[in-house]
Amino acid sequence: PLSAQATMNVGFVAYLAGQQDRAVAAFKRAHELSLPNQFKQIWDNFSNRAAYKKVLEDKAFVARVTG
């Protein structure tokens, strides 16, 4: 529960399961758990995974999460 990486993974999986509000909450929590500037690095690492390509294609959602 205190791992930014695990919480980020929950966010991506929640989005793919159609639970955008839960995904946003998980990404927000991952941001809170990460060190300054670390959130972007973790996001980029997860973004390279083919399984999460659908999330990245939703530009409005990505903007909502990454600001």
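Which helices each supply at least two residues of the lining of the largest pocket? They are helix 2, helix 3 and helix 5, where helices (H or I, at least four residues) are DSSP runs numbered from the N terminus. Before you select them, note that this is a predicted model, in which local features need pLDDT of at least 70 and side-chain atom pairs count only at pLDDT 80 or more, while totals for chains, interfaces and linings use all residues. Residues are numbered from 1 along each chain as its sequence is written, and side-chain values use heavy atoms, with hydrogens and water left out.

**Stop 1: the pocket**

Select His31, Phe39, Lys40, Val65 and Thr66, which lie nearest the centre of the largest pocket among the 13 residues that line it. A pocket here is an open set of points on a 1 Å grid over the protein atoms alone, where a 1.4 Å probe fits and where protein lies on both sides within 12 Å along at least five of seven lines; lining residues have an atom within 4 Å of a point. Its volume is about 220 Å³, taken as the space filled by probe spheres set on the points, which are joined across faces, edges and corners. Helix 2 provides the largest share of the lining, four residues, and the lining as a whole divides into seven nonpolar, four polar and two charged residues. In that division Ala, Val, Leu, Ile, Met, Phe, Trp, Tyr, Cys and Pro count as nonpolar, Asp, Glu, Lys and Arg as charged, and the others, Gly among them, as polar.

**Stop 2: helix 3**

Next select residues 38-47, which form helix 3, and colour Phe39, Ile42, Trp43, Phe46 and Ser47, which are buried; buried means under 20% relative accessible area, exposed over 50% and partly exposed in between (1.4 Å probe, protein chains only). Seen down the helix axis, these buried residues fall within an arc of 135°, so they line one face of helix 3; the arc is that of the directions from the helix axis to the C-beta atoms. What covers them includes helix 1 (4-16), helix 2 (20-33), helix 4 (53-57) and helix 5 (59-66).

**Stop 3**

Now move to Met8 in helix 1, which is buried with a relative accessible area of 0%. Apart from neighbours within four places in sequence, Met8 is in contact (heavy atoms within 4.5 Å) with Phe27, Ala30, Phe39, Ile42, Trp43 and Phe46. The C-alpha atoms of Met8 and Phe39 are 9.0 Å apart, although the two are 31 residues apart in sequence.

Met8 is also one of the residues with the most contacts inside the largest nonpolar core, together with Phe12, Phe27, Trp43, Phe61 and Val65; this core has 18 residues. Such a core is a set of buried Ala, Val, Leu, Ile, Met, Phe, Trp, Tyr and Cys residues joined through side-chain atoms within 4.5 Å. Helix 1, helix 2, helix 3 and helix 5 give two or more residues to this core, and helix 1 gives the most, with five.

**Stop 4: helix 5**

Finally, select helix 5, whose buried residues are Phe61, Val62 and Val65. They fall within an arc of 100° seen down the axis, so they line one face of helix 5, and on the other side Lys59 and Ala60 are exposed. Helix 5 is followed by Gly67, whose phi is positive, near 70°.
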